[in-house]
Each structure stands twice: as structure tokens, then as C-alpha cells.
Amino acid sequence: MSGLEPGFLVALASGGCAGVSVDIVLFPLDTVKTRLQSSQGFLRAGGFRGIYSGLLPVVLGSAPTAGLFFGAYEITKKFGSEYVSHSYMPFVHMGAATVGEMTACLVRNPVEVVKQRTQTNPKLNSVAVFKETFKSEGSYGFYRGYISLLLREIPFSFIQFPIWELLKKVWSDRQSGNVNPLQSALCGATAGGISAAITTPLDVAKTRIMLAEQGTKMADGNIFYVIQDVWHTNGFKGLYAGIVPRVMWITIGGAIFFGAYEKTKNVLIKMKNQE
């Protein structure tokens with residue numbers, strides 16, 4: 001990361017641009033991953049039909065979700081770096097990622113609920129799923145699985161962001177200069193792929209909770225019960241259902257996401273300095 005830290009608004013705009021870019025481009029892979037993880041099974045959940053089902057809430061939610069994450073991440077990282085020695089910066093990155101995820105998930109959770117229910121019910125559109133969720137479950141329905149989402153996102157970011165920052169630092173030190181957006185993208189792809197593989201069981205549990213029928217034990221949101229149930233029912237294969245499209249999606253997405261973030265940030269900072 002360059003010594004010039006972006007302000008909250010720059011991070012917000014950069015993150016928003018990055019989020020929209022990656023979610024639209026890689027949405028079909030996310031749909032395949034969700035259907036593989038569904039308790040209905042891949043074919044009953046829609047197979048390869050309606051591969052863009054659920055895109056609308058993603059488009060509407062991507063910018064604010066990613067923007068809020070990076071805004072909170074950059075501010076927390078800047079604050080922490082002023083009080084923590086350089087050797088402990090990975091812990092600052094972990095803490096900043098945690099704050100970012102807790103903030104972003106307030107928007108991400110409703111988006112995920114509507115998106116995944118639409119992905120596994122291709123005959124319905126996003127508006128119909130939104131109305132049905134609100135009618136049957138009220139506002140709570142949009143925050144079904146919030147704890148499981150946090151328990152997936154925080155460990156993911158705990159792994160991803162320190163690796164991303166470390167790879168950028170190593171690359172920067174070797175070339176005696178700041179990494180460019182393309183180099184940052186490659187670092188992000190590597191960090192994302194590793195993190196995605198490790199946290200796949202948490203993603204499976206989150207998906208099962210969000211798709212569970214209201215009133216069932218799985219719908220209660222107990223992630224440990226869900227993981228245990230998946231293990232007893234489908235074993236290791238069930239816990240890692242959808243790992244290939246998930247790792248592919250997040251690896252490619254990491255390249256697009258971090259590359260777009262750094263590029264947009266650099267452009268905005270340059271524009272700001274020219275004022």
C-alpha cells in the first residue's frame with residue numbers, strides 16, 4: 001500500500017466500483033456454487049438454467065457493501081498503524097478487516113438472502129422473492145443467517161487481507177517501489193483463492209441457513225448444528241460442496257476486485273491532488 005492513505009470517501013467510491021465490477025462479471029459462477037451447496041441438489045435447484053437469477057439485488061447491493069467495507073477498513077487500518085509497531089501490522093489488518101466486515105454485512109446479508117433464494121428458485125424473480133420473504137418472515141427474514149455470514153466473512157478476511165498486504169509488501173520491497181494495480185490484483189487473487197478454500201465449510205453452512213424453510217431447526221441459524229448435520233449427511237464432500245466454483249470465483253474475483261480498487265483509488269487520489 002502506498003504511503004498516501006485514501007480518505008473515507010475515496011475508499012468508499014473505490015470499493016463500490018470494485019464490488020460492482022467483480023459481482024457482475026462473475027455472477028454465473030456464484031450461482032453454480034450456490035446451487036451445488038443447496039440441500040435440494042444442483043439440478044433441482046436449477047442446474048445451469050437461469051444462471052443470472054438473483055442479479056438485481058447484487059447490482060443494487062454491491063457498491064454500498066464493498067464501499068462500506070473498504071471505507072471502514074482503510075480508516076481502521078490508518079488509526080491502528082499510528083499506535084502499533086510495524087512488526088504487528090498483520091494484527092492491525094485483521095482488526096481492520098473485522099470492522100469492515102461487520103459494517104458491510106449489514107447491507108450484504110439482505111442482498112445474500114434475496115440473491116440465493118432467487119438463484120435456487122429460477123422461476124421467481126428478485127422482486128417476488130423480496131416480497132415473499134417480507135410477507136412470511138418480516139424484516140427478520142432478510143437477516144436470516146447474519147451470524148453465520150459474519151462467521152464466514154470474518155475468518156475469510158482474517159486470512160485474505162494480511163496475505164494480500166504481505167504479498168504487496170514483499171513485491172514492493174523487491175522492486176523498491178509501490179505495487180501497481182495489476183500487481184495488487186495478482187496478490188489479491190492469490191490471497192482470495194487460499195482464503196476461499198479454507199473457509200468453504202462456513203460458506204456451505206451459511207448457504208444452508210439462508211435457504212432453510214422457516215420453522216426448521218436449520219433455519220434457527222446455529223452454524224455449528226448445520227456443519228454437524230452436513231457432515232453426518234454428506235461427509236467431507238458435503239462440507240466442501242461448491243469449492244471449485246467458489247475458489248475460481250474468488251480467485252478471479254480477487255484479481256478484478258483488488259485491481260479495480262487500487263486503480264480507482266489511484267485515479268481518485270491523483271484527481272484530488274490536482275485540485
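Helix H6 passes helix H8 in a left-handed crossing, a term that applies when the near helix is turned anticlockwise from the far one by less than a right angle. The structure is a predicted model, in which local features need pLDDT of at least 70 and side-chain atom pairs count only at pLDDT 80 or more, while totals for chains, interfaces and linings use all residues. Residues are numbered from 1 along each chain as its sequence is written, and side-chain values use heavy atoms, with hydrogens and water left out.

H6 covers residues 146–175 and H8 covers residues 200–211, and the two pack at an angle of about 160° with their axes 9 Å apart; helices here are DSSP runs (H or I, at least four residues) numbered from the N terminus. H6 and H8 are therefore roughly antiparallel to each other, the word used for angles over 145 degrees. On the H6 side, Ser148, Leu149, Leu151, Arg152 and Pro155 meet Leu202, Asp203, Lys206 and Ile209 of H8, where contact means heavy atoms within 4.5 Å. The residues of this contact divide into 5 nonpolar, 1 polar and 3 charged.

The largest nonpolar core holds 23 residues, of which Phe69, Phe70, Tyr73, Phe161, Trp164, Phe257 and Phe258 touch the most other members. Such a core is a set of buried Ala, Val, Leu, Ile, Met, Phe, Trp, Tyr and Cys residues joined through side-chain atoms within 4.5 Å, and buried means under 20% relative accessible area, as against exposed at over 50% and partly exposed in between (1.4 Å probe, protein chains only). Two or more residues come from each of helix H1 (8–25), helix H3 (55–81), helix H4 (89–119), H6, helix H7 (181–198) and helix H10 (243–273), and H10 gives the most to this core, with 6 residues. Phe258 touches Phe70, Gln160, Phe161, Trp164, Ser184, Ala185 and Gly188, not counting residues up to four places away in sequence. Apart from this core lies another, of 10 residues, among them Ala205, Ile209, Met218 and Val226.

Gln37 lies in helix H2 (residues 27–37) and, at 0% relative accessibility, counts as buried. Leaving out residues up to four places away in sequence, Gln37 touches Asp203, Val204, Thr207, Arg208 and Ala241.

Ser176, by contrast, is exposed, with a relative accessible area of 70%, and its place is in the loop between H6 and H7. Phi of Ser176 is near 55°, a positive value in a residue other than glycine. Most residues other than glycine have a negative phi.

Note on methods
Axes fitted to C-alpha atoms, helices over the stretch in contact; angles between N-to-C directions. Parallel < 35°, antiparallel > 145°, perpendicular 65-115°, else oblique. Nonpolar A, V, L, I, M, F, W, Y, C, P; charged D, E, K, R; others polar.
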